[in-house]
Amino acid sequence: MDKSTGQTDATLPVLRRISVSAVMGALITGDQLDASELMKRTGLSRPTVLTVCDELLRRGWITEGFASSGLPRSGRPSRRFSLAAAAGYVLGIDLGATKLQMCLSDLSGTVVAESSERWRDEHVGAPERLRIARQRTHELLASSGVGSWQVMAAGMAVPAPVGPDGHATALESYLPGLSALDLRLGLRPDFDWPLTVDNDANLAVLAERWQGAARGVENVVALLSGERLGAGIFLGGQIVRGGGSAGEMKFLRFVEGVGNTDAIGGMCRELGAIAAADILDGEGPLSTANSELIRLCGGVPAAVDAEMVIRAARNGDEAALEVLEVVTARTARVIAVVATLLDPQLVVLSGGPAGAGDILIPLIDEKLGGLDSAHPRLAASTLTDQAPLRGAVRVALDHAFASVLV
């Protein structure tokens, strides 16, 4: 034991892995940083930073350059370090309720290959979903020219709480077979990479803080707003998990004017279809001849989706605007409850409808202002429906960085 530090031989490898992970995590921005900048971002001492960097250089995980001001100066120029991005890769998977999204990323977080497809129906069983994910992984590797041996870790987002044993808490009627599986083994037997699995909302809020609308924000809620509402909660510098189900929104059935967990995307689709049917029946505010919504859906109410409602509303369609009035009023109530309970600095509207933030955020903000509640700053995700996927990439990178010298 080192009496000056209290460290035992057993703790030194752990501390070294923590230091390595911190340095790699600081370099993930893609910036070329010198020792002083790395000290500031990691909280490590200069000797520790330089020792870690020398080891990472020797192993090929980072590269080294030298600062040049263009002016004559004495002494050796400052050493600057950056990630060797192509030294390894990670896989991100979003095993969503309605579609599968996947991407292969290098160590800088840059996507080198990706794929997306809708499930044949929303009740596809979990074993089939995982089998398809494994098939698509083979295809991603082949298309990118990356060998499976180059992949260091994988991350997976699922639309349900996930316990430490790898099992999700999901209704059989919602996601058949999901709760029966240890999802950490979901890529086997094809791939034996370490797989980190988490709730999609938790991963979305990590992604928003990493690459999205919440960079630098210490108290933020990411509100998934596609088919069903879910919240990723990041307070005081860490994810709030509770017993594993923090951020689940089932309590909304007790909230007046809300009643369930239906989200913006699903409500726009359902109410938009009703509005289109009313127009065709002559009961709506517009005739079929001048309805943008009817034009977009081809006169088939069942074909209406959220994107059509948003596009029609942008073009001034009265029926679509009425749908958005209802949906945004309800969403404002949800945010009011969340903000009153958690007091975040920022609420990020995440998921597919976030791409319509230009029309949704002002409407929600106006309605939130009319409620007697906390009123956080609102923002639309810049990652749209890829926030959980990008969060899956980030946790895979974190695992990879922590295991670089193992």
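Arginine 136 counts as buried, at 18% relative accessibility; buried means under 20% relative accessible area, exposed over 50%, and partly exposed in between, with a 1.4 Å probe and protein chains only. This residue belongs to helix H4, which covers residues 126–144. Helices (H or I, at least four residues) and strands (E, at least two) are DSSP runs numbered from the N terminus. With its neighbours within four places in sequence left aside, arginine 136 is in contact with Leu100, Met102, Ser115 and Glu117, where contact means heavy atoms within 4.5 Å.

The structure is a predicted model, in which local features need pLDDT of at least 70 and side-chain atom pairs count only at pLDDT 80 or more, whereas totals for chains, interfaces and linings use all residues. Residues are numbered from 1 along each chain as its sequence is written, and side-chain values use heavy atoms, with hydrogens and water left out. The mean pLDDT (the predictor's confidence in each residue, from 0 to 100) is 89 for the protein, and 93% of its residues reach 70 or more. Over residues 1–11 the pLDDT is below 50, and this stretch has six contacts in the model beyond near neighbours in sequence. Where pLDDT is low, the predicted coordinates should not be read in detail.

The protein contains eleven helices and 13 strands. Its radius of gyration is 24 Å, close to the 22 Å that the globule rule gives for 406 residues, so the protein is as compact as a globular protein of that length. The radius is taken over C-alpha atoms, and the rule is 2.2 Å times the number of residues to the power 0.38. The C-alpha trace spans about 80 × 50 × 45 Å along the principal axes. Of the 406 residues, 49% count as buried. Among contacts between residues at least 6 apart in sequence, 64% join residues at least 24 apart.

The protein exposes about 18,400 Å², of which carbon and sulfur atoms supply 51%; accessible areas come from the Shrake-Rupley method with a 1.4 Å probe, and for residues only the protein chains shown count as cover. There are 37 positive and 47 negative side chains, and the centres of the two sets lie 9 Å apart. Lys and Arg count as positive and Asp and Glu as negative, while His and the chain ends are not counted. Each charge is placed at NZ of Lys, CZ of Arg, CG of Asp or CD of Glu.

The loop between strand E7 (151–158) and strand E8 (195–199) holds proline 189. The peptide bond from arginine 188 to proline 189 is cis, with omega near 10 degrees. Aspartate 190 is found in the loop between E7 and E8 and is partly exposed, with a relative accessible area of 36%. Leaving aside neighbours within four places in sequence, aspartate 190 is in contact with Arg134 and His138. Aspartate 190 and threonine 137, 53 residues apart in sequence, are 9.4 Å apart in space, C-alpha to C-alpha.

Positive phi values occur at aspartate 343, near 55 degrees, and at threonine 384, near 45 degrees. Aspartate 343 lies in the loop between helix H9 (318–342) and strand E12 (346–350) and is exposed, with a relative accessible area of 58%. Threonine 384 lies in the loop between strand E13 (377–380) and helix H11 (387–402) and counts as partly exposed at 28% relative accessibility.
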